[in-house]
Amino acid sequence: MSSKIAVIYGHDISMMTTSLMKKMMPDIPRGSSIVIKPNLVTLSEPDQGATTHTEIVVAVIEYLKNCGFNDISIAEGSWVGASTEACFKELGYYSIRDNLGIKLVDTKKDRFRKVSSHGITMEISETCLEADFLINLPVLKGHCQTLMTHAMKNLKGCLSDKSKRDFHRLGLDRPIAALNAVLHPHLTISDSICGDLDFEEGGNPVETDRMMASADPIALDAYASTLMGYEPEEIGYIKEAIELGITDSIEWEVEELSKPIASSSRPRGDVKRLASYASPSEACSACYASLIRALKIFDEEGGIRKIKEKKIAIGQGYRGTSPEIGVGACCREAKLAVSGCPASAKDILSMLRNL
C-alpha cells in the first residue's frame with residue numbers, strides 16, 4: 001500500500017505549514033500530549049540550511065492550539081559537543097515557550113528509558129517515547145557520513161549523548177533503522193525550504209521553497225532521497241529498514257498542493273570529495289563536521305594538495321592506536337594529533353596549515 005505524501009511550494013512558510021497540517025493531520029483524541037521534535041543539531045540560523053525554520057514550529061503550535069490542544073512540548077537534543085540550551089536561546093525558543101505557553105525539553109537532561117530493538121540497546125527520552133502524538137520536523141539536507149539526513153535520522157535527537165556515540169560506533173545505519181522501529185512519529189513535516197544538500201551543519205543552503213508531510217517517515221525519506229538524486233537503497237538506513245522488516249515497502253503517492261517555484265537541485269559533491277581525505281572509524285558527527293569544515297577552508301586556500309596520500313584518522317575505532325595523523329580525543333595517540341571532543345575546526349585547520 002502506498003504512503004501518502006503532500007508537497008507544497010511557496011514563500012509563506014507559516015501558510016505552507018498550516019496547509020500541510022490541514023491536509024495531513026489525523027484525528028487526535030482530546031487531552032493528548034503532543035511533542036514537537038525540530039532539528040537543532042547545532043547553533044545555526046535556519047537560512048543556513050541546517051536547522052528547522054522557527055516559523056514552522058510556531059505555525060504547528062498555533063494550529064494545535066486553535067484545535068484545542070494545550071499539552072504541547074518541544075523536545076530536542078543537539079549533537080554531542082553542542083548545547084541545546086544555546087540553540088533554544090539564540091533561535092528564539094524561550095520566547096516561543098513564553099508567548100505560546102508550551103513546554104521546552106532539552107532531551108540531554110531528560111529522563112531516559114532503555115529500549116532494545118533488533119539487537120541494539122538505546123536510551124530514549126521519556127518525553128518523546130511517552131508522547132501521545134509525536135510530530136517530527138526535520139530538515140532535508142546532506143550528511144558527510146550517511147549522504148542524507150531527514151525524517152528517520154532526525155529522531156536521533158531523542159537519544160542520550162551516550163546512545164548517540166554508540167550509534168556512531170555501530171555504524172549509524174542499522175541503529176537509525178532500529179530506532180525507527182520503536183519510536184514512531186505520527187506526522188512528519190519536512191523543512192525543505194533551503195537545506196544544505198551536502199553538509200548537515202549547513203553553510204551552503206539550496207533554496208527549493210518546498211515543504212512536505214507524511215505519516216510515514218521511511219517512505220518520506222525514500223521520496224526525499226530521489227529529490228537529492230539518490231536511489232532509496234543508496235541511503236543505508238532506508239536499506240536497513242527494509243532488510244530488518246521495519247517497513248513492508250517504500251511505495252508512495254505524492255499530492256502537490258501547489259506548483260514548484262524553483263528548479264530541482266542536487267548535492268554538489270564537495271563534502272564527499274573532502275571526506276575522501278578522512279579515514280573514519282566509528283566517528284561522531286560533531287567531530288567529523290569539524291574536520292570537513294577545516295578541510296573546506298584548507299581547500300579554498302589551495303592547500304589541500306599538501307595532504308596528498310595522507311589520510312586523517314578520526315573516530316572511536318582508533319582508541320589505543322597510533323595513526324600518523326588524527327583528530328579528536330579518540331585519536332590522541334596519533335603521531336600528529338588534534339585533541340578535543342569534538343575537535344575544533346580552528347585547531348584542525350592550524351594542523352593542516354602546518355603539515
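User: How much space lies in the largest pocket?
Analyst: The model is a predicted one, and about 260 Å³ of space lies in its largest pocket. The lining consists of 15 residues, and those closest to the centre are H143, L147, Y230, V271 and K272.

User: Which elements give two or more residues to that lining?
Analyst: They are β8 (141-143) and α11 (270-275). The element that gives the most is α11, with 3 residues.

User: And how do the lining residues divide into nonpolar, polar and charged?
Analyst: For the largest pocket, 7 are nonpolar, 5 are polar and 3 are charged.

User: Which residues lie nearest the centre of the largest cavity?
Analyst: Those are N39, V41, W79, K153 and K156, out of 17 lining residues. At least two residues of this lining come from β8, and at least two from α6 (151-154).

User: What is that lining like by class?
Analyst: The lining of the largest cavity has 8 polar, 7 charged and 2 nonpolar residues.

User: Let us change topic. Which residues of helix α13 are buried?
Analyst: In α13, which covers residues 345-353, the buried residues are A345, I348, L349, M351 and L352. They lie on the same side of α13 because they cover an arc of only 160° around the axis. As a general rule, an α-helix has 3.6 residues a turn, so residues three or four places apart point the same way.

User: What do the buried residues of α13 pack against?
Analyst: They pack against the helix α12 (285-300) and the strands β14 (312-314), β15 (325-327) and β16 (336-338).

User: Last topic, the largest nonpolar core. Which members touch the most others?
Analyst: Of its 43 residues, these are M122, I124, M148, F167, L179, L183 and M212. Among the elements that give two or more residues to this core are β1 (3-9), β6 (120-125) and α8 (173-182). With 6 residues, α9 gives the most to the core.

User: What is F167 in contact with, leaving aside its neighbours within four places in sequence?
Analyst: F167 is in contact with I120, M122, K156, L159, L172, P175, I176 and L179.

Technical notes:
Residues numbered from 1 in each chain as written. Predicted model: local features only at pLDDT ≥ 70, side-chain atom pairs only at ≥ 80, totals over all residues. Heavy atoms only, no water. 1 Å grid on protein atoms, 1.4 Å probe; cavity = no way out; pocket = protein on both sides within 12 Å on 5 of 7 lines; lining within 4 Å. Points joined across faces, edges and corners; volume = space filled by probe spheres on them. Helix = DSSP H or I, 4+ residues; strand = E, 2+ residues; numbered from the N terminus. Nonpolar A, V, L, I, M, F, W, Y, C, P; charged D, E, K, R; others polar. Buried < 20%, exposed > 50% of the residue type's maximum accessible area, 1.4 Å probe, protein only. Arc of directions from axis to C-beta. Contact = heavy atoms within 4.5 Å. Core = buried A, V, L, I, M, F, W, Y, C linked by side-chain atoms within 4.5 Å.
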